[in-house]
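Here are my notes on the model, as numbered points. Please read them with the structure open.

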Amino acid sequence: MTDCIFCKIARGELPSKKVYEDDELLAFHDIHPAAPVHLLVIPKLHVASLAECDGRHGEVLGKMLLLAPKLAQDHGLVDGFKTVINTGKGGGQVVFHLHVHIIGGANMAHV
Ligand code: 5GP
Ligand code: ZN
């Protein structure tokens, strides 16, 4: 997807504050953090949302979720953290490239 901002970040065409990268995944700080720690984990390959995923995405989805507690620990979220995947307009999704939010460092009850 040429005009997708997260694809551009994944390709290094737009800057981001990266915290993790491997062949399949990238994680970086959210530009408008909702809490002291707010990271986004994306697959490098474009998929618009969780609703567009199928069996072929099972492995990468698993890797994204398994990365979350590691990044949370790296960022000092020893008491826990919140993971959020907004899906579709009705789910509050704004950027249509699959991403997991990792949020923590404040009272997470109402975030
Ligand atoms: P969504 O509502 O789609 O789940 O969340 C999209 C998130 O991406 C928002 O929290 C927003 O702040 C973040 N975001 C949007 N554009 C950029 C960007 O260019 N760079 C970074 N680092 N985050 C972005
Ligand atoms: Zn994309």
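Which polar side-chain atom lies 2.8 Å from an oxygen atom of ligand 1?

1. The side chain is that of His 101: one of its polar atoms lies 2.8 Å from an oxygen atom of ligand 1. Keep in mind that this is a predicted model.

2. The backbone also takes part around the ligand. A polar backbone atom of Val 95 is 2.9 Å from an oxygen atom of ligand 1. For Ile 31, a backbone N or O atom lies 3.3 Å from a nitrogen atom of ligand 1.

3. Now the wider surroundings of the ligand. There are 16 residues around ligand 1. Asp 30, Val 94, Val 95, His 99 and His 101 come nearest.

4. Next, the largest pocket. About 410 Å³ of space lies in the largest pocket, and 20 residues line it. Nearest its centre are Phe 6, Phe 28, Asp 30, Ile 31 and Leu 40. Asp 30 is also among the residues that come nearest to ligand 1. Ile 31 is the residue with a backbone N or O atom 3.3 Å from a ligand nitrogen.

5. Which elements build that lining? Helix α1 (5–10) and strand β2 (25–29) each supply at least two residues of the lining of the largest pocket. The largest share, three residues, comes from α1. By class, the lining of this pocket has 10 nonpolar, eight polar and two charged residues.

6. Look at the aromatic rings. A search of the whole structure finds one aromatic pair. The partners are Phe 6 and Phe 28, with ring centres 5.4 Å apart. Their planes stand at 80°, and over 60 degrees counts as edge-to-face, so this pair is edge-to-face.

7. What does the pair tie together? Phe 6 sits in helix α1 and Phe 28 in strand β2, so the pair links parts that are 22 residues apart in sequence. Buried or exposed? Both Phe 6 and Phe 28 are buried. Both also belong to the residues nearest the centre of the largest pocket.

8. Finally, the second largest pocket. About 190 Å³ of space lies in it. Its lining is Asp 23, Glu 24, Pro 43, Lys 44, Leu 45, His 46, Val 47, Arg 56, His 57 and Val 60. These residues divide into four nonpolar, two polar and four charged.

Conventions
Residues numbered from 1 in each chain as written. Chains lettered and ligands numbered in written order. Predicted model: local features only at pLDDT ≥ 70, side-chain atom pairs only at ≥ 80, totals over all residues. Heavy atoms only, no water. 1 Å grid on protein atoms, 1.4 Å probe; cavity = no way out; pocket = protein on both sides within 12 Å on 5 of 7 lines; lining within 4 Å. Points joined across faces, edges and corners; volume = space filled by probe spheres on them. Helix = DSSP H or I, 4+ residues; strand = E, 2+ residues; numbered from the N terminus. Nonpolar A, V, L, I, M, F, W, Y, C, P; charged D, E, K, R; others polar. Phe/Tyr/Trp six-rings, centres within 6.5 Å; stacked < 30°, edge-to-face > 60°. Buried < 20%, exposed > 50% of the residue type's maximum accessible area, 1.4 Å probe, protein only. Near = heavy atom within 4 Å. Polar contact = N/O pair within 3.5 Å; in protein donor to acceptor, adjacent residues only side chain to side chain.
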